[in-house]
Amino acid sequence: MNHQIFNSLLQQPALLILLIAFTVLMALMIPAYFYAYRPKQNSTEWIARLDRRSFRPLTAGALSSADIVWSLIAMFCAAFLWVSHYLIWKGSAWFRPALKTSIPIAVVALSVYLILRLMNSKPLPAILASAAGAASIFNQPKAMALFSLSLLFLYLWICAPYDAPLFFNAIWLGLSAAAYGLALLYSFPLIWAAPFYCGVYIAMQIIRYKNGKPEARRKKLILSVLLLLLLLIFGLIAVWLAFCVKRQKGAPIDLLRSFSFYKSLFPALFSRLSTLLRRQSYWHSLVFCDAFCFIAGVIAMVPLLHGLIKLRDTRCLFLLLLLPCLLLAWYFSACYAMIPVFALIIGRCWSAYAERSRPLYAAGFAATYILFLFVELFLH
């Protein structure tokens, strides 16, 4: 095997010690979570936990005007950390490319921050998780930015009330589909996440049909499906048009007037889909610093599973269901797109600390994460 992570470990044994130390320190997130989760002394909180919980609909937490400032801080911190890391790694001659790439990094941070805030996270853990996660992205930043935006818009659509007006809330679904389609232009293997989107749409339509007003739910369901089909048709044509223009196959107006443009769409699509099962070397898609977010994300899945199984938290279910699709994208197509989702999972864990009046735990683990991210550069 000739990939960056294993080569680095073989050439620099100190990096193995670094990873072990990082794993040990970040593993403390688990006992810290359960310590913070304990019922407060001299309270009746433990009584409420005896009741059997059930999954509740996802709801969007209210944002305030202060979130404009906090989101800008998250974006700036992510961009600053990423540019600093990249310049230490590559050298000052790469300042302009690094500055340009910091824009999609900031978009990832914004998306992760807003999703966590909509999940009722406190601002501090949302800033820390979004900045640390976005600063770890060194593969396909444009695709990750668009994919993160797509998840943000999808979450907003899911959180709409059952009897909310169709056309206003359909905008979120349309924006999610548009961002996802653009992400496929930069990284087609993200099509592996399509089952997640389809499953979420079908599940939400079933739930809304069962819980909606009887006199309106059938009409809303039919209109929603028709609008989705139109969106998929025009979206597919738009993505194919952007792909052809990107490959310099002609001007947009000329392509839309050409019958061969439409004729070649589905053969090209099936040809691309057939490449998804041609397994590539998934290790080659990674750089060494990807290990930090992966390790922290896997550790943070323990609190996530606790939230899912014990607390019946639907937010945990939303994050967990996305991971298998992204694992398949990585395994079969060497597309490593898990960092934004791991950042959200880590953010949920750190949010629990803040909710239980332990914000310093989140700050400490975030500082540890960023410290190790930079120490790794000096050991190469």
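This is a predicted model: local features need pLDDT of at least 70, side-chain atom pairs count only at pLDDT 80 or more; totals for chains, interfaces and linings use all residues.
How many salt bridges does a search of the whole structure find? I got three, counting a side-chain nitrogen of Lys or Arg within 4 Å of a carboxyl oxygen of Asp or Glu.

Numbering runs from 1 along each chain as its sequence is written, and side-chain values use heavy atoms, leaving out hydrogens and water.

**Asp67 pair.** I looked up aspartate 67 and arginine 117, whose side chains meet at 2.7 Å, N to O. Aspartate 67 sits in helix 5 and arginine 117 in helix 6, so the bridge ties together parts 50 residues apart in sequence. Helices here are DSSP runs (H or I, at least four residues), numbered from the N terminus. Both aspartate 67 and arginine 117 are buried, meaning under 20% relative accessible area with a 1.4 Å probe, protein chains only.

**Asp313 network.** Next I found Asp313, Arg315 and Arg348 linked in a network of salt bridges. Arginine 315 meets aspartate 313 at 2.7 Å, N to O, and aspartate 313 meets arginine 348 at 3.7 Å. Aspartate 313 lies in the loop between helix 15 (290–309) and helix 16 (314–333), and arginine 348 in helix 17 (residues 339–355), so that pair ties together parts 35 residues apart in sequence. I checked burial too: arginine 315 has a relative accessible area of 18%, and aspartate 313 has 13%.

**Helix 5.** I went back to residues 66–90 and saw glycine 91 follow the helix with a positive phi, near 115°.

How values were computed. Helices (H or I, at least four residues) and strands (E, at least two) are DSSP runs, numbered from the N terminus. Buried means under 20% relative accessible area, exposed over 50%, partly exposed in between (1.4 Å probe, protein chains only).
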